[in-house]
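Good morning, and thank you for coming. Please look at the sequence and the model on the screen while I speak.

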Amino acid sequence: MLEKIRYGWTLGVLLINAITVCPVQRPDSTPRHRLLYLTQAAGFQHAALPLSEKVVRELGEASGAFAVTVTRDCSVLTAENLKQYDAVFFFTTGELPLSESQKAALLDFIRSGKGFIGVHSAADTLYGWPEYGEMLGGYFDGHPWRQEVVVRVEDRFHPATRHLPESFRITDEIYQFKNWSRDKVHVLLSLDVSSVDLTRPGVKRTDKDFALAWCRRYGRGRVFYTAFGDDPAVWQDERFRKLLLGGIRWALGQLPDTVK
């Protein structure tokens, strides 16, 4: 009996030591990429900003695909600090106080093969810096509609939109854009104009082309943008969360690239 007790005690010690020395490895527990999320408002401050910060963190944690650093201070956009990130995400407004060296650092960061994600008013930002609008694909030019609209899914194979049907309804503030052409971007979502009043005051695009999400290459980098995100309810919509997650992961280079 004594020998059995000694044997059991020895075996227990060995097992404890084995667990201590050789912990269970969980390869997916540490995110592979880092995302910098900037929510600085130098213009209109959207009510959805705090919720958006929570949602982006949740997307990173739940997917295990990326870690998120949230800031409301664009002074972090320096060449040295950007070295620790794989993508930058803007939900911003107005003329952010960026120096010329910061502007160059951001564009060099993206061109070098990193990612950029913009949501909603990221297009209502930095009008005085045309290179930013060129990188993003266009600038905000008013929002004629705030209502339920029908959205057409133009690319059902892209990682950001493959969960969506051919069309769907959603309520949000609907942007139109200037300095924008579908020849320069890959359109993912667009407005079904039969669902809105095109004679409404403020409608400026005579071509009736209103993109609501697109992506593009910029140098060796990837740029993803969606005009949605004004209404806090949209940030709680599972369709939008999946759109955002797919767009972020595509911009990070984690998912296949079918965009030329």
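I begin with N179, which counts as exposed because its relative accessibility is 59%; here buried means under 20% relative accessible area, exposed over 50%, and partly exposed in between, with a 1.4 Å probe and protein chains only. N179 sits in the loop between β8 (177-178) and β9 (186-191). Helices (H or I, at least four residues) and strands (E, at least two) are DSSP runs, numbered from the N terminus. The phi of N179 is near 55 degrees, a positive value in a residue other than glycine.

A word on the source: this is a predicted model, in which local features need pLDDT of at least 70, side-chain atom pairs count only at pLDDT 80 or more, and totals for chains, interfaces and linings use all residues. Residues are numbered from 1 along each chain as its sequence is written, and side-chain values use heavy atoms, with hydrogens and water left out.

Is L126 buried or exposed? L126 counts as buried, because its relative accessibility is 1%. This residue, in the loop between β4 (115-119) and α5 (130-136), also has a positive phi, near 60 degrees, and is not a glycine.

I turn now to helix α2. Its 15 residues, 49-63, reach 21 Å from the first C-alpha to the last, close to the 21 Å expected; the expected span is 1.5 Å times one less than the number of residues. Buried in α2 are L49, S52, E53, V55, V56, L59 and G60. Down the helix axis, the buried residues of α2 fall within an arc of 170 degrees, so they line one face of the helix; the arc is that of the directions from the axis to the C-beta atoms. On the other side of α2, E61 and A62 are exposed. After α2 comes G64, with a positive phi near 70 degrees.

On a 1 Å grid over the protein atoms alone, a cavity is a set of points where a 1.4 Å probe fits but cannot get out, and lining residues have an atom within 4 Å of a point. Grid points are joined across faces, edges and corners, and a volume is the space filled by probe spheres set on the points. There is one cavity of 30 Å³ or more, and the largest cavity has a volume of about 60 Å³. Among the residues lining the largest cavity are H163, F168, R239 and F240. Which element gives the most to this lining? That is α7, with three residues.

Conventions:
1 Å grid on protein atoms, 1.4 Å probe; cavity = no way out; pocket = protein on both sides within 12 Å on 5 of 7 lines; lining within 4 Å.
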